[in-house]
Every structure is written in C-alpha cells, then in structure tokens.
Amino acid sequence: MAAATRLGPKTSLLVHLLMLSWYVFTIWSNCTLQISDRHPGVRSYGGRWKYLTFINLVSQALLFGLCVLADAVHGAVSVTRARDFHFTVLAFPVGTFVFISFWTLYTYDRELVYPKLLDEIIPIWLNHAMHTVIMPLLLLQMFLQNHRYPSRTKGIFSLALFAALYLSWVLWVHHASGIWVYPIMAHLSPVGLCVFLGGASLFMAPLYLLGEKLSLMIKNKKKSERFNHLL
C-alpha cells in the first residue's frame with residue numbers, strides 16, 4: 001500500500017519535482033563553481049566525494065527522485081518501499097547528522113570544519129543549501145507523507161553499514177593522500193581521533209530513532225485529526 005499523504009497525487013508530484021529540482025540545482029551549482037584552483041579540498045584526492053555533505057546532497061536528490069517516481073507510478077509497491085527505505089535509513093538520519101554536526105562545530109570553531117577562506121569561494125546561499133535547508137525539507141517531507149520503517153534491527157544495521165563504509169573511505173583518503181577530510185581530524189591525537197570518529201558513528205543511531213519517533217507522532221496526529229473530523 002502507498003504511504004498516506006496530505007496532498008493529492010498531482011500536488012504531491014509537483015512538490016516533489018520542486019524539491020528534486022532544488023537539489024539538482026544545488027549539486028550543479030556546487031560542481032560548476034570555479035574553485036578547482038582555490039579550494040584545497042576539491043582539487044585533492046577524492047574530490048567532492050570525500051565530503052559527507054556532498055554525498056548527502058546526492059542522497060537527498062535520490063530521495064526526491066524516488067518520491068517523484070512513486071508519485072508518477074502511484075501504487076507501485078517496489079518504488080514506494082525503496083523510497084521509504086531510503087528516507088528512513090539514510091536520508092533523514094544522515095541529513096540530520098550533517099545539519100547538527102556542521103553547525104555545532106561551526107559555532108564552536110568554524111576553522112575546524114569550514115575555514116573562513118571558503119567564504120570567498122563558496123557563496124553563503126550555497127553553504128546554507130548544503131548544510132541548513134536539508135533539515136526543513138526533510139521535516140516537510142516527513143509531515144507530508146508517512147514512511148514505513150523497516151524493522152529496527154534492519155534499519156540501524158543498514159545505517160551502521162553506511163557509516164562504516166564512509167569511515168573506511170575517510171581513513172583510506174588519509175592513507176592514500178596523507179590528508180584528513182575535515183580540519184578537526186588533524187588536531188586530534190590517535191585516541192582522540194578514535195573517540196571522535198566512533199562517537200560520530202554512534203550518534204547516527206539516536207538520529208534514526210528520532211526519525212522513527214517523529215514519524216510515529218505525525219502519523220498518530222493525522223489519525224487523530226481524521227477521527228475528530230468524522231465526529
């Protein structure tokens with residue numbers, strides 16, 4: 001069964017097309033900036049693909065691409081399941097992690113995550129598109145459509161697998177090039193680095209549970225509203 005939505009099929013399709021277009025535009029804007037000779041990270045090993053922020057942008061674009069496809073082939077169980085799995089296991093927890101971790105470190109000491117020199121390279125709107133707008137769009141999607149969560153074991157295991165793969169990629173980039181993906185890593189001792197990376201990875205699980213909790217609250221609220229409407 002398709003997940004319940006607050007919108008009609010055509011309106012839902014239009015909203016998701018707008019969200020998809022936003023992410024495609026953001027990725028295009030990021031990739032076409034004339035920064036190859038100025039951004040120390042983009043021109044180094046791994047390019048943009050070593051940054052979780054960029055991977056998350058692609059993930060969000062994939063989510064809304066699946067949403068558009070699910071709207072277009074309304075009732076296709078396999079597409080709806082793929083959309084729900086991607087939203088619950090990757091898009092929401094990883095997107096929320098990017099939002100929280102970036103702005104927490106930025107507030108503490110921006111040089112640890114987004115050096116001031118990047119202000120002269122990356123427009124402010126693009127910074128917010130990559131690190132801020134993701135959160136309200138995820139919450140809007142959660143509010144507009146219900147998403148079926150997999151079993152908690154399957155969901156957290158899948159998210160943990162993603163975190164392990166990304167962590168392995170970060171360590172490989174350092175091994176192959178001698179650089180750390182994020183400036184904060186260069187300031188940590190080996191023990192501090194293990195604590196930082198381990199803590200960041202473990203933080204994903206509570207974010208998965210947060211998404212599950214919020215989704216259930218919204219779903220129950222919708223049921224209550226429909227029940228009150230019938231009275």
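A salt bridge here is a side-chain nitrogen of Lys or Arg within 4 Å of a carboxyl oxygen of Asp or Glu. Keep in mind that this is a predicted model, where local features need pLDDT of at least 70, side-chain atom pairs count only at pLDDT 80 or more, and totals for chains, interfaces and linings use all residues. Residues are numbered from 1 along each chain as its sequence is written, and side-chain values use heavy atoms, with hydrogens and water left out.

**Salt bridges**
- A search of the whole structure turns up 3 salt bridges.
- Asp 84 pairs up with Arg 83, their closest N and O atoms being 3.0 Å apart, and both residues are buried (under 20% relative accessible area; exposed is over 50%, partly exposed in between, using a 1.4 Å probe and protein chains only).
- Arg 110 and Asp 119 meet at 2.8 Å, N to O; Arg 110 counts as buried at 14% relative accessibility, while Asp 119 is partly exposed at 34%.
- Arg 152 and Glu 212 form a salt bridge too, at 2.5 Å, N to O.
- That pair links distant parts of the chain, with Arg 152 in helix 6 (residues 152–177) and Glu 212 in helix 9, 60 residues apart. Helices are DSSP runs (H or I, at least four residues), numbered from the N terminus.

**Aromatic pairs**
- The whole structure holds 15 aromatic pairs, meaning rings of Phe, Tyr and Trp (its six-membered ring) with centres within 6.5 Å; planes under 30 degrees apart count as stacked, over 60 as edge-to-face and the rest as tilted.
- Tyr 23 and Phe 64 are stacked, 5.9 Å centre to centre with 10 degrees between the planes.
- Trp 22, Phe 25, Trp 28 and Trp 125 make up one aromatic cluster.

**Helix 1**
- The buried residues of helix 1 include Ser 12, His 16, Met 19 and Tyr 23.
- Among the parts covering them are helix 2, helix 4 (124–131) and helix 5 (134–144).

Key:
Helix = DSSP H or I, 4+ residues; strand = E, 2+ residues; numbered from the N terminus. Contact = heavy atoms within 4.5 Å.
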